[in-house]
Amino acid sequence: MFFHYFLIILQKNRNMRRWLLLLLLVLSLIVVCIGYYLKPYFTPAEKQKGLSVMCHQDDTIRIAYIGDSWADRHKNVNCDIVSSVSDATGRPVVVRTAGISGLTSKYLYYCIFREDSIRDVIEWGPDFCFIVAGINDSDRKMGKSYYKENMRLIIELLLEKHITPVVLEIPSYDIHFSYKRRSRQIKIQYLVSMLLTWSKMDCIQDYRDAYNSLIKEKKWENKVITISYKDWNPDGYKDIRGLYDGGLMHLNAKGYLVLDTCIADKIITYIRSRKR
């Protein structure tokens, strides 16, 4: 009803129409300027070179575990991947973890080349590399094309180095709560990002779809192991098992146990499939 009366007023008031058009023009210019200024922020990574990966001749299964805070916090819990994979295959297993809190997929890719802890884990020459990326992309509304392109670069790099990628599909964390607990400045930043990247507040499934379309487009279904959220935690932070900590964005010790079990099962299945 209000909108109807507002249109009637506009039709009768030429000056108001002019002011409204001017306001819309100014707002459009502001958005364009902000978008231009922030373009590098939303631009995916550029392809890097210079990585030297070791080649091993023994029968040890080497597993790297890299990513954002989910990888960083994994260093503080018992890793059940080692015993599970070793018992199933009868081979020695070593897991090395390197993570940095706050990384988006773009900077995870760059850290493989530029940050010693992550670079060392890759150059160590793992057979498998578990990748946690995309949580911060979706939380900050970086754009699904941004996430998709960076994941392409990470996966292609690993495949070129004969490392099997094991990718964690973005889990169901409480993205609304994550936004609510931010400062006013960060909230405004996220809202601007939503506008510029056409991301919804809860964009997790959109980003998952972008990743899955990448796997299909590149025909990587048999080359990349994907840990779908449905495989280990379909209910996310609402899971009655209580797998998340109080922030509802990170796993607790029980959550890591469930995730590690799924990672181990996927790797075991992959290894057995290659023996057939």
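Modeller: Helix 4 (residues 81-89) packs against helix 13 (residues 253-274) at an angle of about 30°, and their axes are 9 Å apart; helices here are DSSP runs of H or I with at least four residues, strands are E runs of at least two, and both are numbered from the N terminus. The axes are lines fitted to C-alpha atoms, for helices over the stretch in contact, with angles running from 0 to 180 degrees between N-to-C directions. This is a predicted model, in which local features need pLDDT of at least 70 and side-chain atom pairs count only at pLDDT 80 or more, while totals for chains, interfaces and linings use all residues. Residues are numbered from 1 along each chain as its sequence is written, and side-chain values use heavy atoms, with hydrogens and water left out.

Helix 4 and helix 13 are therefore roughly parallel (angles under 35 degrees; over 145 is roughly antiparallel, 65 to 115 roughly perpendicular, and the rest oblique). On the helix 4 side, Ile81, Ser84, Val85, Ala88 and Thr89 take part, and they meet Asp260, Ile263, Ala264, Ile268, Ile271 and Arg272 of helix 13, contact being heavy atoms within 4.5 Å. By class, the residues of this contact are seven nonpolar, two polar and two charged (nonpolar: Ala, Val, Leu, Ile, Met, Phe, Trp, Tyr, Cys and Pro; charged: Asp, Glu, Lys and Arg; polar: the others, Gly among them).

The buried residues of helix 5 are Ser105, Lys106, Leu108, Tyr109, Tyr110, Cys111, Ile112 and Phe113. The axes of helix 5 and helix 8 come within 8 Å and cross at roughly 25°, which makes these helices roughly parallel, and the crossing is left-handed. Helix 5 contributes Ser105, Lys106, Leu108, Tyr109, Ile112 and Phe113 to the contact, while helix 8 contributes Tyr146, Tyr147, Asn150, Met151, Leu153, Ile154 and Leu157. This contact of helix 5 with helix 8 has 10 nonpolar, two polar and one charged residues.

Helix 8 (residues 144-160) also holds Arg152 and Glu156, four residues apart, about one turn of the helix. These two form a salt bridge, with the closest N and O atoms 2.6 Å apart (a side-chain nitrogen of Lys or Arg within 4 Å of a carboxyl oxygen of Asp or Glu). Arg152 counts as partly exposed because its relative accessibility is 22%, whereas Glu156, at 16%, counts as buried. Glu156 also meets Lys218 in a salt bridge, at 3.1 Å from N to O; Lys218 lies in the loop between helix 11 (204-217) and strand 5 (225-227), so the pair ties together parts that are 62 residues apart in sequence. Lys218 is partly exposed, at 33% relative accessibility.

Elsewhere, the side chains of Asp239 and Arg241 meet in a salt bridge of 2.7 Å, N to O, with Asp239 buried at 9% relative accessible area and Arg241 partly exposed at 37%. Salt bridges that share partners join Glu149, Arg152, Glu156 and Lys218 into one network, and a search of the whole structure finds 13 salt bridges.

Note on methods:
Buried means under 20% relative accessible area, exposed over 50%, partly exposed in between (1.4 Å probe, protein chains only). A crossing is left-handed if the near helix is turned anticlockwise from the far one by less than a right angle, and right-handed if clockwise.
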